[in-house]
Structure formats: structure tokens, C-alpha cells
Amino acid sequence: PQAETDLAPNGSLLPGRLVGGAEMTDDGYRSQAPESAEFDLLTGAEWEQALDADLIVVSSSDALSEEAMMRLGYEEPVVLLHHLQARSPARRYLIEKARKVIVHTPEHAAKESSWTDRQDWEMILSAIDPAECSSEPEKLERATWAARMHPLKGPLRARFWAASNGIPLDFLTNVPRQTVLEHMARNRYWVFLPLEWGSESRGTIEAVLSGCDCILNSNVSLMSYERWNDRAWLAEQVSTASARFWQCALS
């Protein structure tokens, strides 16, 4: 659903135009598509062009009208849900008619099951290269918070936790991802206490892979996996995520 100017000719996002976690996840899946998977990348306004395809993958329903969701649902697409869905009759139809629905966590599946008749869900985390995340042998007694500057991301809660525990806080926003990873590598704590429920939290995944102690609340859905803070297990999940996405979508 991102603007066409954000896209390179091969369908990937242009450098510096990754808007957020959902866009990064989509870009990661697309960049590792099998050679046999020839596809066109369409914006939400271009949905009618998808009707002649052998397979339709809807990676976000936000940009689709009610009419578009009803018509695409009739084609039984693969649907990837990045976040909690706004409820509507057409969106329910799209979810229930889809041949596969992919979410990132068990808790997200449970939330969407509560208002639809969908019971079978595929759970695949975002594709992240564990090699990008490292950990210093001796961590500093410092904490990292990193997100876009929005109250729902919990910046005040992070500051309060750090002040209450006497832990210096590196407060990062609007900085390159590599800068965030460098702070995670050397700081002991990752603090993320959002006010709004989220379906995954890529930042938390990267913090676990960087060997951080994570200070979280129940709005971080990643914790609905029993082994969410098992570094080896999580590395296996994200390193194989793209392959499992395409295997699921194309099967």
C-alpha cells in the first residue's frame, strides 16, 4: 500500500524509505522470493489488476475499499495481517474466504479469531538476518529505547522505568537502524512499554538476538510464543521466515 515513489523497479523499497515494521517485513519477504515466483507489486488503488493473477497475496487490507475486499475475497487470496484489523463485514469476508491467513504471533491469531469464523492460521515472524545483531562480551548497564516518536510507543513509560531504576537510557528516534543495533549490542536492557497492543515488535526480536534483557509489557505480542526470549530458537524462526512464507503462500 505504500506510494509508488517508494518502490524501485524490482518492487523493493528504495533505500531510506522503509516506513515501519510492516513495510520492512513485506520488503524482506519479497526480496527473498523464489525465482519461480513471478509477481507484480500493486498498490491498494490498483487492486482490480490482480484479478487475472493465478494467486493474489494481500499484504495489507488497510488500503483496500470495502468493495475491493469483497471482490478479492471471492478469489480466495493469501492474506498477510501485520496488525490488529479494523472490523468490517468486507474484511471479515476477506479473512474467512482466504485460502491462507498469515499472522506473526499466536496472540494475534486469537484476537482475529474472536470476531471471525477463521480458525486455521499460519504463524510466521518477520524475516530478519540474525547476523545483523551482535552482543558485546561485557554489556553496559544502560538501556535502549528506539521507535518513531509517538505516545503509543511508550516513550514516557521507558523514561520512567529508567529513572526509577537508576539506569541511563539511550533514547533513539529517527536514526538509522544500524545505530539502533549498535546500541543494542552494547547496552544490557531493551525497554519497550507501549500503550497500544502490537502484533509482533521487530525491535524486541532484534533486542533478543542482541542478547539484551527485555523490559516489556503485555502489549508486546511476541511474548505469546513460549520460547520468545530463546535466542537460538528466535534466530531460527526469523532466518527461515521468508522461505516459510513462500512455501505457505505457494502451496
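This is a predicted model: local features need pLDDT of at least 70, side-chain atom pairs count only at pLDDT 80 or more; totals for chains, interfaces and linings use all residues.
Let me begin with helix α3, residues 89–97, where the buried residues are Ala 90, Arg 91, Leu 94 and Ile 95. If we look down the axis of α3, these buried residues fall within an arc of 135°, so they line one face of the helix. As for what they pack against, the buried residues of α3 meet α2, which spans 66–74, together with the strands β2 and β3.

Which residues of α9 are buried? They are Ala 241, Ser 242, Phe 245, Trp 246, Cys 248 and Ala 249, and since they cover an arc of only 160° around the axis, they sit on the same side of α9. On the other side of this helix, Ala 243 and Gln 247 are exposed.

How are α1 and α9 arranged where they pack, and at what angle? The angle is about 75°, and the axes are 9 Å apart; since angles of 65 to 115 degrees count as roughly perpendicular, α1 is roughly perpendicular to α9. On the α1 side, the contact is made by Gly 28, Tyr 29 and Arg 30, while α9 contributes Ala 241, Ser 242, Phe 245 and Trp 246. Sorted by class, the residues in this contact are four nonpolar, two polar and one charged.

Now I would like to move to the sheet, which is an open one of four strands in the order β6-β5-β7-β8, with parallel pairing. At its edges we find β6, residues 169–172, and β8, residues 213–216, each of which pairs on one side only. On average, and with direction ignored, neighbouring strands in this sheet are turned by 25° against each other. If we look at one pair in detail, strand β5, residues 140–146, runs parallel to β6 and is joined to it by four bridges, and within that region Ala 146 stands opposite Leu 172 of β6.

Definitions and conventions: Residues are numbered from 1 along each chain as its sequence is written. Side-chain values use heavy atoms; hydrogens and water are left out. Buried means under 20% relative accessible area, exposed over 50%, partly exposed in between (1.4 Å probe, protein chains only). Helices (H or I, at least four residues) and strands (E, at least two) are DSSP runs, numbered from the N terminus. The arc is that of the directions from the helix axis to the C-beta atoms. Axes are lines fitted to C-alpha atoms, for helices over the stretch in contact, and angles run from 0 to 180 degrees between N-to-C directions. Angles under 35 degrees count as roughly parallel, over 145 as roughly antiparallel, 65 to 115 as roughly perpendicular and the rest as oblique. Contact means heavy atoms within 4.5 Å. Ala, Val, Leu, Ile, Met, Phe, Trp, Tyr, Cys and Pro count as nonpolar, Asp, Glu, Lys and Arg as charged, and the others, Gly among them, as polar. Two strands pair if DSSP finds at least two bridges between them.
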